[in-house]
Amino acid sequence: MDIVLIIEMIAAAVLAAVLYTIIGVAPGTDETAVLAPVTLAIVLAGVEPIVVLTFFMSAIVANKVTDSIPVALAGIPGGVMATPMVEHALVLKKHGMPDISIRKMASGSVIGTLVSVPVSLLMAQALIPFSDVIKEYANPLFFIGAVLLALMTKNKVLALVSILPFALLIEGLRHLYWGIGVVPEGTNVFISFFLGITIGPVILTIFELLHKEKRDSMPRFPKKTIDFAQTNPIKGFPSPFKILTKQETGSSVLASFIGSITFIMSPVGMTIFLGELFSSRVKDPVKKASVAIASMEGLTNATYISGTLIPLIALGIPLSPMAIGPANALFNAPPVFTTEHNLHHILSNADFVWATLIGATIALAITYFVTVKYAHKICAFVFRWIPHEAILGLFFGLVLLLAFMDAGFINIIGVLVIGLFAGMLHRWGVNYGVQFMILYAAPWIITWF
């Protein structure tokens, strides 16, 4: 590895840390919607694979650290994964401890990263001997994954029933494209369908605005005023092990370890389950909330890192909600990456280690320090000047561009159709994990049925 490549990796990690420190604070953004399109654009731009991985690892660590800021200060989640922490963060805010809440969540993220990186690398190595067997049964595994994740959603029956119709819609559009000659027969349009699912709720909301009665019935709100509780400044570089108590540190370590080895499960489901489990025996409301947010934040970071690294290193196919969602471009971004030729096949074990260490270390060094010391100012700036609608609008435009590049103008309509269906399912409680698994398993599901 030459010095120029190392400099590029460091620069990519710094860029990702700065960018996703800001994006992570923006209220209401979705991790998949803000990570997947940018990663895909970088891959398609021809950036060195190891630099892409460094950027992504820095991005997920930075994003997971900062999405706790608006939760602690305003009770508004920065991202979907921060939603389970809102109730506990509000308890600390009620007791005048938003600064403590921020520091404990950020410290939990650090613990999650420190635990998940070595566990993920070791577990990936342990699974490599079984990779051929797992790959052989990849398609039915995707289907089984869709069923398992469906059973973990809010509306289990709807999630299970939607598997076949959604697979039929996806395969129907592909066969339509082949029939009219938009793409060569046998070429699966994938990336734009994936992104259509990602921004499905946005597409559904936009179409609802075109419906006069629906638009007129929507509630109107005056200009909102959000009050931030004052936080106490901290001097020097904050140590997460001094901020967290022994119980909080132990809970974060254990939750992060469990989250790492259960990488194939739903991150949101595991976060809620383990966070509540570890805090259930604590009676004092403040201590209970502190244990919950620290362990939850550690777990979310761990699931994101392990869900990316383990399938990427051991298998080369996306067999986790994280890999099949935000990290999908690292596995499948034609024509640069395919499931037969991606980072798994290009990078060595040493490359994976260096990219992960550089990306995660730089993100922690920048984002953790900035979050703990300047969270109040950052949150106020983002809330005032960077509306999440603008961020989602930017990504929506990028999705339409990539849809056109995939299969022309007709695919823009196809992506809108996919987005409408996916958006309705998401609103009714069928999460992204189920929908992404269906997308991968669609050819096998239709052939089998």
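This is a predicted model: local features need pLDDT of at least 70, side-chain atom pairs count only at pLDDT 80 or more; totals for chains, interfaces and linings use all residues.
**Entry 1: Glu208**

I began with Glu208, which counts as buried at 16% relative accessibility. I found Glu208 in helix α12, which covers residues 200–209. Next I looked up its contacts, skipping neighbours within four places in sequence. Glu208 is in contact with Lys214, Arg215, Met218 and Arg427.

**Entry 2: Ile199**

I then went to Ile199. It sits in the loop between α11 (191–198) and α12. Is Ile199 buried or exposed? I read 3% relative accessibility, so Ile199 counts as buried. Leaving aside neighbours within four places, I listed Phe396 and Val399 as its contacts. I also checked a distance. Ile199 and Ser251 are 52 residues apart in sequence, and their C-alpha atoms are 34 Å apart in space.

**Entry 3: the whole chain**

I stepped back to look at the protein chain. How many helices and strands does the protein chain have? I counted 22 helices and zero strands. The C-alpha atoms fill a box of roughly 65 × 60 × 45 Å along the principal axes.

I wanted to know how the radius of gyration compares with that of a compact globule. For 449 residues, such a globule would have a radius of gyration near 22 Å. The protein chain has 21 Å, which agrees.

I looked at burial next. Of the 449 residues, 55% count as buried. The accessible surface comes to about 18,800 Å². Carbon and sulfur atoms account for 69% of that surface.

I also looked at contacts between residues at least 6 apart in sequence. Of these, 80% join residues at least 24 apart.

The chain has 26 positive and 24 negative charges. Their mean positions are 15 Å apart.

I moved to Leu330. It is in the loop between α18 (321–324) and α19 (343–346). Its relative accessible area is 0%, so Leu330 is buried.

Which residues does Leu330 touch, leaving aside neighbours within four places in sequence? I wrote down Thr39, Val52, Leu53, Phe56, Thr308, Leu312, Phe337, Asn342 and Leu343. I also checked Pro318, which is twelve residues from Leu330 in sequence. The C-alpha atoms of Leu330 and Pro318 are 9.0 Å apart.

The largest nonpolar core has 108 residues. Which members touch the most other members? They are Tyr20, Leu53, Ile60, Phe193 and Leu330.

I followed up Leu53. Not counting residues up to four places away in sequence, Leu53 touches Leu312, Leu330, Leu343, Leu347, Phe352 and Ala355. Leu312 and Leu343 had come up in my list for Leu330 too.

**Entry 4: a cis bond**

I stayed in the loop between α18 and α19, where Pro335 has its place. I looked at the peptide bond from Pro334 to Pro335. It is cis, with omega near 5°.

**Entry 5: His88**

I turned to His88, in helix α5, residues 86–94. Its relative accessible area is 6%, so His88 is buried. I then looked up what it touches, not counting residues up to four places away in sequence. The list is Glu276, Ala289, Ala292, Ile293 and Met296.

Ala138 is in helix α8, which covers residues 138–150. I read 9% relative accessible area, so Ala138 is buried. Ala138 and Gly316 are 178 residues apart along the chain. Their C-alpha atoms are separated by 11 Å.

Val157 is in helix α9, residues 156–161. Why does Val157 count as exposed? The cut-off for exposed is over 50%. Val157 has 59% relative accessibility, so it counts as exposed. I also checked Val157 against Val430, 273 residues apart in sequence. Their C-alpha atoms are 9.7 Å apart in space.

Terms used
Residues are numbered from 1 along each chain as its sequence is written. Side-chain values use heavy atoms; hydrogens and water are left out. Helices (H or I, at least four residues) and strands (E, at least two) are DSSP runs, numbered from the N terminus. Buried means under 20% relative accessible area, exposed over 50%, partly exposed in between (1.4 Å probe, protein chains only). Contact means heavy atoms within 4.5 Å. The radius of gyration is taken over C-alpha atoms; the globule rule is 2.2 Å times the number of residues to the power 0.38. Accessible areas come from the Shrake-Rupley method with a 1.4 Å probe; for residues, only the protein chains shown count as cover. Lys and Arg count as positive and Asp and Glu as negative; His and the chain ends are not counted. The place of a charge is taken as NZ of Lys, CZ of Arg, CG of Asp or CD of Glu. A nonpolar core is a set of buried Ala, Val, Leu, Ile, Met, Phe, Trp, Tyr and Cys residues joined through side-chain atoms within 4.5 Å.
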